Amino acid sequence: EAVKQEIEGLCPKIDSKKYQIVYAAIESDFANINSDQISATKLKYNLPDNFFLFVGQLREHKNIDRTIQAFNSLNQDSHKLILIGNMYNNGIRINYPNIQHLGMVDDTELKCCYALSSCFLFPSLLEGFGLPILEAMSFGIPVITSNFGSTKEVAGNAGILVDPYSV
């Protein structure tokens, strides 16, 4: 619905009866992993017992700079921030002792990281849908996401909605 409203605002002459919303989804067995896979992933990446997880391209519209800034402002040692996704040549600095960038991982490792995480962070500034929100929710972990646009729509009442511009 959020993207539809954006399209209608940008292209008011397009007849909204000529298109419809098609929602994305995850596989019904997305969260189907076993303890051996989880243990292997934790060992391979030396994952801590407690961590916040971010999944997505490390790009400006994903709000990764503010995510890192907000995480570092917590001044706590009990959790780390684990980042999964492509690093683009955009000047993002992630050289902090409490932040670990895994890069790209395979599907099973991604699922294991969701399963192991304490909380999923997705304060994106612009999304077409926000599939990682559903992926995280399929593992029953808390989701913190943006309070507007499609991320708000996807998370609904099940997510913790925040102002992504506020650190």
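Of the 167 residues in this predicted protein model, 40% come out as buried, where buried means under 20% relative accessible area, exposed over 50% and partly exposed in between (1.4 Å probe, protein chains only). Local features need a pLDDT of at least 70 and side-chain atom pairs count only at pLDDT 80 or more, while totals for chains, interfaces and linings use all residues. Residues are numbered from 1 along each chain as its sequence is written, and side-chain values use heavy atoms, with hydrogens and water left out.

As for the fold, there are 6 helices and 6 strands, taken as DSSP runs numbered from the N terminus (helices H or I with at least four residues, strands E with at least two). Read from the N terminus, the order is α-α-β-α-β-β-α-β-α-β-α-β.

Asp107 sits in helix α4, which covers residues 107-116, and counts as exposed because its relative accessibility is 58%.

Then the cysteines. Searching the whole structure turns up 0 disulfides, a disulfide being a pair of cysteine sulfur atoms within 2.5 Å. Cys112 is in none, and its nearest cysteine sulfur, on Cys113, lies 7.1 Å away. Cys112 is buried, since its relative accessible area is 0%, and Cys113 is buried with a value of 0%.
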